[in-house]
Amino acid sequence: MKYYVGSDHAGYAVKGLVVQMLVSRGYEVEDLGTYSSERVDYPDYAEKVARAVVADPSSRGVLICGTGIGMSIAANKIDGIRAAHCNDWYTAKMARAHNDANILCFGERVSGPGVIESMIDVFTTTEFEGGRHTGRVEKIMALEKRD
């Protein structure tokens, strides 16, 4: 499994920790920026990661900004993306198990290292349950096709 990781300046400090966590768990990781704490616009990095995940359907992504909200909104504008804004291990687990989320979004300013590690652990190890959730995810994806 490959993970594409991105952040804006408000998520830059913790992005390195996330990359290390993923690599230590045996995942291939591509860091798509930003590469400093200089101010940047989060939609640019949300788009980079989202387009990479769509182009590589067996992959997943992680996006980090100050709160995680902006990244999730921007990433979800890309067809094929189910970016979940999560605040703890339970929301990260349900994002995978019930929503088949392919991008985890969270905020550096609201999540400490322990919470981040628990979200990474559960997001990377939880499989989509399918079953009754499959039709719901299909309905979500069908919304992209509507005018």
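What follows is a short chat about this predicted model.

Visitor: Which elements give two or more residues to the largest nonpolar core?

Guide: That core has 22 residues, and among those touching the most other members are Val18, Leu104 and Ile116. Two or more residues each come from strand S1 (2-7), helix H1 (12-24), strand S3 (60-65), helix H4 (89-97), strand S5 (103-107) and helix H5 (113-125).

Visitor: Leaving aside neighbours within four places in sequence, what is Val18 in contact with?

Guide: Val18 is one of the core residues that touch the most other members. With those sequence neighbours set aside, its contacts are Val5, Val62, Ile64, Phe106, Ile116 and Ile120.

Visitor: How many residues are in the second, separate core?

Guide: Look for Leu32, Val49, Ala50 and Ile78, which are included in it. The count for this second core is 19 residues.

Visitor: What do the buried residues of H4 pack against?

Guide: Start with who they are: Ala92, Met94, Ala95, Arg96 and Ala97. At the start of H4, by the way, a side-chain oxygen of Asp88 comes within 3.2 Å of the backbone nitrogen of Tyr90. As for the buried set, its packing partners are S3, strand S4 (83-85), S5, H5 and helix H6 (132-142).

Visitor: Which residues lie nearest the centre of the largest pocket?

Guide: The pocket's volume is about 180 Å³. Its lining splits into 5 nonpolar, 4 polar and 4 charged residues. Of the 13 lining residues, those nearest the centre are Pro57, Ser58, Ser59, Arg82 and Asn102.

Technical notes:
Residues are numbered from 1 along each chain as its sequence is written. This is a predicted model: local features need pLDDT of at least 70, side-chain atom pairs count only at pLDDT 80 or more; totals for chains, interfaces and linings use all residues. Side-chain values use heavy atoms; hydrogens and water are left out. A nonpolar core is a set of buried Ala, Val, Leu, Ile, Met, Phe, Trp, Tyr and Cys residues joined through side-chain atoms within 4.5 Å. Buried means under 20% relative accessible area, exposed over 50%, partly exposed in between (1.4 Å probe, protein chains only). Helices (H or I, at least four residues) and strands (E, at least two) are DSSP runs, numbered from the N terminus. Contact means heavy atoms within 4.5 Å. A polar contact is a pair of N or O atoms within 3.5 Å; within protein, one must be able to donate a hydrogen and the other to accept it, and residues adjacent in sequence count only if both atoms are side-chain atoms. On a 1 Å grid over the protein atoms alone, a cavity is a set of points where a 1.4 Å probe fits but cannot get out, and a pocket is an open set with protein on both sides within 12 Å along at least five of seven lines; lining residues have an atom within 4 Å of a point. Grid points are joined across faces, edges and corners, and a volume is the space filled by probe spheres set on the points. Ala, Val, Leu, Ile, Met, Phe, Trp, Tyr, Cys and Pro count as nonpolar, Asp, Glu, Lys and Arg as charged, and the others, Gly among them, as polar.
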